[in-house]
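Please open the structure in your viewer and keep the selection tool at hand.

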Amino acid sequence: MKALHFGAGNIGRGFIGLLLSQSGYEIVFSDVNESLVQTIQQRGSYTVTIADENGKQIPVEGVNAIDGRDPAAVAEAVASADMVTTAVGVNILKHIAPGIAAGLKLRMERGAAPLHVIACENAIGASTQLKEHVMGHLSLEEQQKAASFAAFPDSAVDRIVPLQHHEDPLAVTVEPFYEWVINRSQMFSGSQEIQGVHYVDDLIPYIERKLFTVNTGHCSAAYAGYRKGYATIQEAMKDEEVAGLVTGALQETGSMLVRAYGFDAAEHENYIRTIMDRFRNPYLSDEVVRVGRSPIRKLSPDDRLVRPALRAWEQGGSFEHLTEVMALALKFDFAEDPEAVKLQSLIADQGARQAFAEVSGLDPDHTLTEKVLKAYNRQ
């Protein structure tokens, strides 16, 4: 079996690529990093190290790579694949859609077997978004035909893969914990299952549980840690005030999730404790500026801070810690992050209230906006 994976970065190699390899897939990576592509082509293998006390090294062999800027190569790879996955960032999906569409056209001409295309991104409905981009490059007749042999099941992915500092450009270190959940109801029946993947019929609760626990907690630690001058998440989590803020935010999102989806409260509390332990993992060194980057996206209406806080407010629940985190996000002024620079410019030009309203989609007089501004002025 052959899998085409878009994105040969650390997540692609250390998470998705690893699991696909362990399920018997030969992997072809598509990436626009010419040096990375050439190195994979030359070596055909890489090593994944698990960040724990054992430091187990797992070889991933039989891999290849193509230049994602070569339309013909991408189309042929899609046409000959048994599985297509992505880990490129949700904003890049539109850029890989033309190559996938061209590959689907070739599959139509050749009468190829049904294909699953799975976007493994930190976003709700990423595969559905990718499908919309791909279908935009097909005629109406091609779209109707493609629906019968190309499925785009949504998925939720979770594994901390920090910035890497290796002499070997292909080596990657990942945390022991991982979760990859795929919506079975969007798949063709009788399809080959990937080892280590959890298949469910309703993905939304799992996506939101991950997004509003792992991602919310991670950026909470980053913004609080950045404000206090810590370099890494692990250093920040040793600070009781930072850890208390993160715990408080996750208690608020947890209460919202339990009310919304009926998760068992005790089980979710255990899940929160697991996430907190992951943030403290002494075998990882995850930079706060990496985790905190793109504050405008993280403060957007449907992302990890505003959405759970708004839903908690609608339920009549608590959201005080979340508003503290949002205020800290407004103060994330890391000069090497373009979104942070843009956000600080918005605040300088319009004031913090209007800037927050613009990026969050909330009314300037909304209760959440008021709470965020009070926290912003206190900090």
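Axes are lines fitted to C-alpha atoms, for helices over the stretch in contact, and angles run from 0 to 180 degrees between N-to-C directions. Helices (H or I, at least four residues) are DSSP runs, numbered from the N terminus. The model is predicted: local features need pLDDT of at least 70, side-chain atom pairs count only at pLDDT 80 or more, and totals for chains, interfaces and linings use all residues. Residues are numbered from 1 along each chain as its sequence is written, and side-chain values use heavy atoms, with hydrogens and water left out.

**First stop: H14 and H17**

Select residues 320-330, helix H14, together with residues 367-378, helix H17. Their axes lie 8 Å apart, and the helices pack at an angle of about 60 degrees. H14 and H17 are therefore oblique to each other (angles under 35 degrees count as roughly parallel, over 145 as roughly antiparallel, 65 to 115 as roughly perpendicular and the rest as oblique). Show the side chains where they meet: Glu320, Thr323, Glu324, Met326, Ala327 and Leu330 in H14 face Leu368, Lys371, Val372, Ala375, Tyr376 and Arg378 in H17.

**Second stop: H15 and H16**

Next, select helix H15 (residues 338-350) and helix H16 (residues 352-360), whose axes come within 7 Å and cross at roughly 130 degrees. H15 is thus oblique to H16. In this pair, Leu343, Leu346, Ile347 and Gln350 of H15 make contact (heavy atoms within 4.5 Å) with Ala352, Gln354, Ala355, Glu358 and Val359 of H16.

Move to residues 204-227, helix H7, which has 24 residues. From first C-alpha to last, H7 reaches 33 Å, close to the 34 Å expected at 1.5 Å a residue; the expected span is 1.5 Å times one less than the number of residues. Of the 24 residues in H7, 20 are buried (under 20% relative accessible area, with a 1.4 Å probe and protein chains only). Just after H7, Gly229 takes a positive phi of about 90 degrees.

Now select residues 93-110, helix H4, which spans 25 Å, close to the expected 26 Å. Its buried residues include Leu93, Ile96, Arg107 and Met108. Gly111, which follows H4, has a positive phi near 65 degrees.

**Last stop: Ser127**

Finally, centre the view on Ser127 in helix H5 (residues 126-135). Is Ser127 buried or exposed? Ser127 is buried, with a relative accessible area of 0%. Its side chain reaches the backbone nitrogen of Ala119 at 2.8 Å. Leaving aside neighbours within four places in sequence, Ser127 is in contact with Val117, Ile118, Ala119, Phe152, Pro153, Asp154 and Ser155.

Definitions and conventions:
Helix = DSSP H or I, 4+ residues; strand = E, 2+ residues; numbered from the N terminus. Buried < 20%, exposed > 50% of the residue type's maximum accessible area, 1.4 Å probe, protein only. Polar contact = N/O pair within 3.5 Å; in protein donor to acceptor, adjacent residues only side chain to side chain.
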